[in-house]
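Have a look at the sequence and the fold first.

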Amino acid sequence: MKLVELKETDYEKFITEHKEKSHFLQSYIWGEFSKKKKKLTPYYLGLENKNQQIVATALLLQKKLPLGYSYFYSPRGFMIDYLDKDLLSELTHKIKDYIKPKKAIFLKIDPPIIIRKENYLGEEKKLEYNVDTIFHNLSQVGFKHQGFTKNFETMQPRYTFRIDLEKTQEEIDSHFSKTTKQRIQKAIRLGTKVRIGTEEDIDTFYNLMLLTEDRKDFVSYSKDYYEELFSIFNKKNNVKLFIGYLDFDEVLSHLKEEEKELNKKIEEIDPNTSSKNGKRKLKDYKTSLENLKKEIEKYQQAKEKYGKTIALNAHMIILYQEKAWVLYAGNHNVLTESYANYHTYYEHIKYCKNHNIKIYDQFGTIGDLDKNNKRMGLHEFKKKFGGDYIEFIGEFDYITNHFMYFIFTKLVPLYRKIIRFKSKKEVNYEAKANK
């Protein structure tokens with residue numbers, strides 16, 4: 001067998017033939033995007049047998065380091081049967097020979113191999129393969145497992161929620177939590193709307209991402225990052241931008257209709273009734289009416305502040321090889337009680353199902369389910385949509401330069417930690433001196 005560099009058509013052809021194992025991070029498009037916006041050099045490699053047939057592929061992304069060194073990352077690993085130890089060994093050692101002249105320190109992979117799966121009820125589901133065999137094979141060919149991380153320490157999330165869209169829509173809906181069903185229905189009754197955006201909506205998306213960044217304490221990317229991501233994936237219709245929004249005139253019209261209905265119900269009850277049931281209904285209707293009037297006033301004020309419409313959510317979905325990933329989601333910090341976010345999620349779940357997507361991946365959650373974990377809110381929100389809770393196998397490193405690997409993974413992080421600590425002490429000292 002020999003390792004060959006592949007053109008886009010040949011590379012994507014092999015992935016299409018094995019789409020059940022594919023991931024958008026293994027795609028040719030992701031390699032091109034990584035070259036443009038992440039300053040990484042992509043290599044599209046195939047293992048060719050004696051009959052000149054491709055039997056495995058790998059996208060390698062080269063990160064160049066000082067002194068001419070570099071490391072390589074194969075996002076979501078090789079497109080290969082990890083149960084075939086001989087094939088895995090052949091590809092790994094061919095890649096080692098390929099990257100060593102490029103002063104590679106190590107090669108990192110994080111295969112999308114599921115090692116644990118629970119359904120929406122928390123019941124563990126049996127896997128169709130032996131995970132221990134895969135661990136053994138990777139270890140035997142020289143890969144070192146980097147541990148079972150629980151949060152977002154790795155290049156890609158080690159946990160996620162996935163919805164099987166081959167089920168009926170009714171079954172998918174039935175797995176939603178009770179509150180999720182109620183919130184979706186409330187959002188629809190209120191009149192929240194969802195549309196598919198274009199490149200002209202990137203500004204809206206970016207602004208919502210910034211609001212989410214401030215609220216959730218994470219760092220988003222620059223606007224041109226999102227623009228390039230949308231542009232390059234949109235060339236082959238591999239990305240959708242869903243915008244959840246309110247049209248205030250329609251919302252107010254709906255609320256005023258509800259107000260009329262409540263007034264009518266109140267008028268139908270004798271105000272002097274001695275019936276306990278009548279008195280209870282009258283009291284409930286009047287309370288609902290007061291709350292409704294406050295809601296009408298709130299949306300009227302919002303209209304005066306924001307104009308005729310307001311975008312509350314913008315979610316970017318990647319579609320590739322019959323799978324979908326909710327890659328980025330930006331949400332406004334106002335009118336959250338409209339639950340437009342729930343409606344937006346519901347609409348892109350339905351869209352994906354209606355466009356022959358089989359797996360809907362919420363792209364990341366946590367494994368540390370301690371109630372004090374600051375990411376628990378994110379986890380609980382995604383869990384409410386009833387997907388399978390997935391744990392992936394994690395990262396593996398194949399070391400090609402042990403000395404530099406020690407420097408890069410141990411001493412450099414320690415040096416950076418010391419520098420940050422010294423800087424913090426200097427800032428604190430200066431602050432005290434200026435008091």
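A crossing of two helices is called left-handed if the near helix is turned anticlockwise from the far one by less than a right angle, and right-handed if clockwise. Helices here are DSSP runs (H or I, at least four residues), numbered from the N terminus.

Before using that, a word on the model: it is predicted, so local features need pLDDT of at least 70, side-chain atom pairs count only at pLDDT 80 or more, and totals for chains, interfaces and linings use all residues. Residues are numbered from 1 along each chain as its sequence is written, and side-chain values use heavy atoms, with hydrogens and water left out.

How confident is the predictor? On pLDDT (its confidence in each residue, from 0 to 100), the protein chain has a mean of 92, with 93% of its residues at 70 or more. Residues 424–435, though, have pLDDT below 50, and beyond near neighbours in sequence this stretch makes zero contacts (heavy atoms within 4.5 Å) in the model.

Now for the helices. Helix 9 (residues 248–267) and helix 10 (residues 276–306) have axes that come within 10 Å and cross at roughly 160 degrees; axes are lines fitted to C-alpha atoms over the stretch in contact, and angles run from 0 to 180 degrees between N-to-C directions. That makes helix 9 roughly antiparallel (over 145 degrees) to helix 10. Their crossing is left-handed.

Helix 6 (residues 178–190) and helix 11 (residues 340–354) pack at about 100 degrees, axes 8 Å apart, which means helix 6 is roughly perpendicular (65 to 115 degrees) to helix 11. Among the residues in this contact are Arg183 of helix 6 and Tyr346 of helix 11.

Notes. Helices (H or I, at least four residues) and strands (E, at least two) are DSSP runs, numbered from the N terminus. Angles under 35 degrees count as roughly parallel, over 145 as roughly antiparallel, 65 to 115 as roughly perpendicular and the rest as oblique. pLDDT is the predictor's confidence in each residue, from 0 to 100.
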